[in-house]
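This report walks through a model of one chain and its ligands. Read it beside the sequence and the coordinates.

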Amino acid sequence: MTVLVTGGAGYIGGHMALALVDRGEEVVVLDNLSTGFDWAVPRQAKLVVGDMGDQELVARVIREHRVDAIAHFAAKIVVPESVADPLGYYLNNTAKSRNLLETAVLSGVKHFIFSSTAAVYGETSSEPVGEDTPKNPMSPYGRSKLMTEWMLEDAGRAHDLRYVALRYFNVAGADPAGRIGQSTPAATHLIKVAAQTALGQRPALEVFGTDYPTRDGSCIRDYIQVSDLANAHLSALDHLRRGGASLTLNCGYGRGYSVLEVIDVMKRVSGTDFPVRLSPRRAGDPAAIVAKADRIRAELGWVPQHDDLDGIVAQALAWERHLAGRARAA
Ligand SMILES: NC(=O)c1ccc[n+]([C@@H]2O[C@H](COP(=O)([O-])OP(=O)(O)OC[C@H]3O[C@@H](n4cnc5c(N)ncnc54)[C@H](O)[C@@H]3O)[C@@H](O)[C@H]2O)c1
Ligand SMILES: O=c1ccn([C@@H]2O[C@H](COP(=O)(O)OP(=O)(O)O[C@H]3O[C@H](CO)[C@@H](O)[C@H](O)[C@H]3O)[C@@H](O)[C@H]2O)c(=O)[nH]1
């Protein structure tokens with residue numbers, strides 16, 4: 001039995017590939033390396049460089065590696081970029097996921113885990129947000145992912161395929177053992193950008209919007225540590241292999257931090273008082289989004305091990321230092 005990890009050369013997929021090989025699973029990664037890195041794939045996993053929408057290639061990989069489960073991470077993920085290039089996002093995230101799903105069904109793969117996102121909810125009035133909250137995505141990125149959830153739901157009804165769609169909130173931090181982390185140099189994620197700024201790689205950190213209806217005017221997010229998230233996928237895989245029913249679950253800790261609070265933590269943990277600039281709002285950002293996080297614990301027995309913002313920030317900093325060392329050595 002082999003798990004096919006699409007997007008396994010990327011940030012979260014790479015942590016999943018690592019978690020799988022750490023527990024002795026056979027892993028094949030399929031990645032087009034558009035934002036991923038071949039060196040991020042654990043050496044015990046096989047890397048196939050290619051596109052997840054390429055049905056002939058995917059069918060061959062499934063056959064040759066006797067794939068029994070697909071963990072589908074491959075996507076374009078930048079919210080403002082999706083506002084500027086919606087059709088590119090619908091092609092990569094929705095149309096190619098359709099192809100992947102069809103190949104899975106035709107090839108007899110029965111277990112599918114999908115990287116969905118809190119961005120499917122959009123602006124919400126209820127806080128925290130439960131899975132049944134009406135979906136109102138504010139960006140093409142969020143819509144591209146919601147459409148894939150719908151395809152999964154329909155395909156699960158029509159075919160012999162069960163799935164777990166995990167709606168991640170804001171993923172951050174790095175492998176606690178320091179083996180991998182978030183490596184995209186142009187990443188837009190707050191904690192990554194704050195770590196780069198603390199290390200002097202960026203002149204200042206911009207706060208996008210300080211006039212939101214939140215406790216300090218900046219946006220509130222639920223930051224989940226990346227290996228905790230990978231472990232949730234392992235539990236989802238075990239659930240499906242046990243014959244468990246299809247599920248759609250939030251992945252977050254159920255607690256929100258504002259942008260300004262995250263900056264304070266980064267300043268304290270790094271010991272640097274880096275420059276911060278107050279800037280206008282960024283397109284497509286909801287004011288606050290925090291997970292109602294009990295269903296995943298009940299359904300999968302998931303118990304987070306790294307629910308600690310100081311620790312998450314310290315891991316992000318350590319990984320950024322590691323990347324700087326790599327760049328100097330190259
Ligand atoms: N980072 C977050 O905070 C976050 C939050 C919610 C959901 N997600 C979801 O998690 C998944 C992984 O995100 P990430 O942060 O690791 O991003 P990432 O950019 O690091 O990883 C995505 C990977 O997919 C690959 N890829 C993209 N399109 C492909 C294609 N057509 N064929 C093959 N490979 C392709 C890229 O090369 C990259 O390695 C995505 O589906 C994203 O929507 C991420
Ligand atoms: O330099 C920065 C970067 C971000 N932010 C703010 O920080 C918050 C978090 O932003 P970011 O880290 O970019 O994450 P989100 O836009 O919330 O989106 C992430 O989290 C979503 C789930 O909530 C995922 O779907 C997306 O893929 C992922 O990018 C937002 O209010 C941003 O405006 C800043 O103020 N300055």
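Leaving aside neighbours within four places in sequence, which residues is Val 29 in contact with? They are Val 5, Gly 8, Ala 9, Ala 17, Val 41, Ala 45, Lys 46, Leu 47 and Val 48. Contact here means C-beta atoms, placed from the backbone, within 7 Å.

## Model and confidence

This is a predicted model: local features need pLDDT of at least 70, side-chain atom pairs count only at pLDDT 80 or more, and totals for chains, interfaces and linings use all residues. Residues are numbered from 1 along each chain as its sequence is written, while chains are lettered from A and ligands numbered from 1 in the order in which they are written.

The chain averages a pLDDT (the predictor's confidence in each residue, from 0 to 100) of 96. 100% of the residues score at least 70. Among the elements, α3 has the lowest mean, 90, and strand β1 (residues 2-6) the highest, 99. Helices (H or I, at least four residues) and strands (E, at least two) are DSSP runs, numbered from the N terminus. For the complex, the predictor gives an ipTM of 0.96 and a pTM of 0.97.

## Two domains

The chain is divided into domain 1 (2-172 + 224-251) and domain 2 (190-221 + 254-329). These bounds come from an automatic or database domain assignment. The C-alpha centres of the two domains lie 23 Å apart.

At the interface, 30 residues of domain 1 are in contact with 25 residues of domain 2. On the domain 1 side, α3 (79-84), β7, α7 and β11 (247-251) each supply at least two residues. The largest share, seven residues, comes from α7. By class, this side has 15 nonpolar, 11 polar and four charged residues. Ala, Val, Leu, Ile, Met, Phe, Trp, Tyr, Cys and Pro count as nonpolar, Asp, Glu, Lys and Arg as charged, and the others, Gly among them, as polar.

The largest nonpolar core has 101 residues. Such a core is a set of buried Ala, Val, Leu, Ile, Met, Phe, Trp, Tyr and Cys residues joined through C-beta atoms within 7 Å. Val 29 and Ile 191 have the most contacts inside it. Helix α7 (residues 226-241) gives the most to this core, with eight residues. Domain 1 and domain 2 both give residues to the core, so it lies between them.

Ile 191 is one of the buried residues of α6. Eight of the nine residues of this helix (190-198) are buried, that is, 20 or more other C-beta atoms, placed from the backbone, lie within 10 Å of their own. The buried residues of α6 pack against β7, β8 (205-208), β10 (223-225), α8 (259-270) and α10 (309-329). Gly 200, with a positive phi near 80 degrees, follows the helix.

## Ligand surroundings

Ligand 1 is surrounded by 29 residues; Gly 7, Gly 10, Tyr 11, Gly 36 and Ala 75 are the closest. A residue is counted as near if its C-beta atom, placed from the backbone, lies within 6 Å. Helix α1 gives the most to this shell, with three residues. The shell has 12 nonpolar, 14 polar and three charged residues.

Ligand 2 has 21 residues around it, and Thr 117, Ala 118, Leu 190, Phe 208 and Cys 219 come nearest. The elements giving two or more residues are α6 and β8. Strand β8 gives the most, with four. By class there are 13 nonpolar, four polar and four charged residues. Why does ligand 2 lie between domain 1 and domain 2? Because both domains give residues to its shell.

Definitions and conventions. A residue is buried if 20 or more other C-beta atoms lie within 10 Å of its own, exposed if 12 or fewer, and partly exposed in between; C-beta atoms are placed from the backbone. Two residues are in contact if their C-beta atoms, placed from the backbone, lie within 7 Å.
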